[in-house]
Amino acid sequence: MARYTGPITKKSRRLKTDLVGGDKNFEMRPFPPGQHGRGRVQEKEYLTQLQEKQKARFTYGVMEKQFVRYYKEAARRPGKTGENLLTILESRLDNVIYRAGLARTRRAARQMVTHGHFEVNGVRVDVPSYRVEQYDIITVREQSRQKFPIEFARETFGERPVPAWLHVVPGTLQILVHALPVRDQIDVPLTEQLIVELYSKN
């Protein structure tokens with residue numbers, strides 16, 4: 001599936017939020033890119049809703065068609081649609097690898113997954129959009145344990161806190177999914193209700 005591979009800092013500046021986390025380039029220039037980036041933009045309801053949806057898309061690295069599918073699935077589930085949507089996005093395998101502290105960014109986590117470094121419940125998975133479930137066990141493949149990305153993850157593990165819905169064994173980097181996260185456990189700068197309002201107009 002096609003995905004955005006351009007400069008993510010440019011998207012961060014356009015959406016006025018750090019989509020990567022710790023992006024020094026965004027911190028130096030936290031205004032929209034382009035000749036008129038510092039100009040005043042009239043904030044309209046539709047623009048605000050659209051920007052919130054784009055924030056979610058680029059934060060998790062999801063294309064529009066896939067994002068719409070996630071939204072429709074979230075709407076079918078019981079409970080609040082916005083919270084269901086965030087739970088679906090958080091349960092992607094690439095996001096779980098990122099949340100567990102095995103990668104600095106979601107982009108790096110995605111690359112590690114596509115290179116086939118992980119197994120879920122003993123089965124090799126190389127699809128970043130694979131959705132984990134409660135009690136799933138994610139392990140590093142034996143063939144990958146001495147490779148640089150895994151060695152680097154082991155050396156830098158602990159620099160970022162691991163959310164309570166995951167448990168990571170430091171030595172082996174094995175990940176246990178205790179449960180899928182609820183909204184209070186998802187620390188992303190998103191107002192999901194704006195996304196629901198945007199799609200509910202269609």
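Modeller: Let's begin with β4 and β5, which pair in the antiparallel sense over 4 bridges. Keep in mind that this is a predicted model.

Colleague: Okay, what is the bridge partner of leucine 166 in β5?
Modeller: Leucine 166 is bridged to valine 177 of β5.

Colleague: And which side chains along β4 are buried?
Modeller: Leu166 and Val168 are, and they point to one face of the strand.

Colleague: Let me zoom out. How many helices and strands does the protein have?
Modeller: There are 9 helices and 5 strands. As for burial, 45% of the 202 residues count as buried.

Colleague: Now helix α7. Which of its residues are buried?
Modeller: In α7, which runs over residues 106-114, the buried ones are Arg106, Ala109, Arg110, Met112 and Val113. They are on the same side of the helix, because they cover an arc of only 160° around the axis.

Colleague: Why would residues a few places apart end up pointing the same way?
Modeller: An α-helix has 3.6 residues a turn, so residues three or four places apart point the same way.

Colleague: Got it. What do the buried residues of α7 pack against?
Modeller: Their partners are the helices α3 (45-60), α5 (81-90), α6 (93-99) and α8 (148-156), along with the strands β1 (118-120) and β2 (123-125).

Colleague: I see a glycine just after α7. What phi does it take?
Modeller: That is glycine 116, and its phi is positive, about 75°.

Colleague: And arginine 106, which ring does its charged end sit over?
Modeller: The ring of tyrosine 60, at 4.7 Å from the centre. There is also arginine 57, which lies over the face of phenylalanine 58, 4.9 Å from the ring centre.

Colleague: Switching to the core: which residues of the largest nonpolar core touch the most other members?
Modeller: Leu93, Ile97, Leu102, Phe118, Ile138 and Ile175, out of 24 residues in that core. At least two residues each come from α6, α7, β1, β3 (137-140), α8, β4 (166-169) and β5 (174-177). Helix α6 gives the most, with 4 residues.

Colleague: Phe118 is on that list. What is it in contact with?
Modeller: Beyond its neighbours within four places in sequence, phenylalanine 118 has contacts that include Ile97, Leu102, Met112, Val113, Val125, Ile138 and Ile150.
Modeller: There is a second, separate core too, with 17 residues, among them Ala56, Tyr60, Val62 and Tyr71.

Colleague: Tyr71, okay. Which aromatic cluster is it in?
Modeller: Tyr71 forms one with Phe67 and Tyr199. A search of the whole structure finds 3 aromatic pairs.

Colleague: Last one: threonine 81 in helix α5. Buried or exposed?
Modeller: Threonine 81 counts as buried, because its relative accessibility is 19% and the cut-off is under 20%. Leaving out residues up to four places away in sequence, threonine 81 touches Tyr71, Ala74, Ala75 and Val196.

Colleague: Thanks, that helps!

Terms used:
Residues are numbered from 1 along each chain as its sequence is written. This is a predicted model: local features need pLDDT of at least 70, side-chain atom pairs count only at pLDDT 80 or more; totals for chains, interfaces and linings use all residues. Side-chain values use heavy atoms; hydrogens and water are left out. Buried means under 20% relative accessible area, exposed over 50%, partly exposed in between (1.4 Å probe, protein chains only). The arc is that of the directions from the helix axis to the C-beta atoms. Contact means heavy atoms within 4.5 Å. A nonpolar core is a set of buried Ala, Val, Leu, Ile, Met, Phe, Trp, Tyr and Cys residues joined through side-chain atoms within 4.5 Å. Rings of Phe, Tyr and Trp (its six-membered ring) pair if their centres lie within 6.5 Å; planes under 30 degrees apart count as stacked, over 60 as edge-to-face and the rest as tilted. A charge sits over a ring if NZ of Lys or CZ of Arg is within 6 Å of the ring centre and within 35 degrees of the ring normal. Two strands pair if DSSP finds at least two bridges between them.
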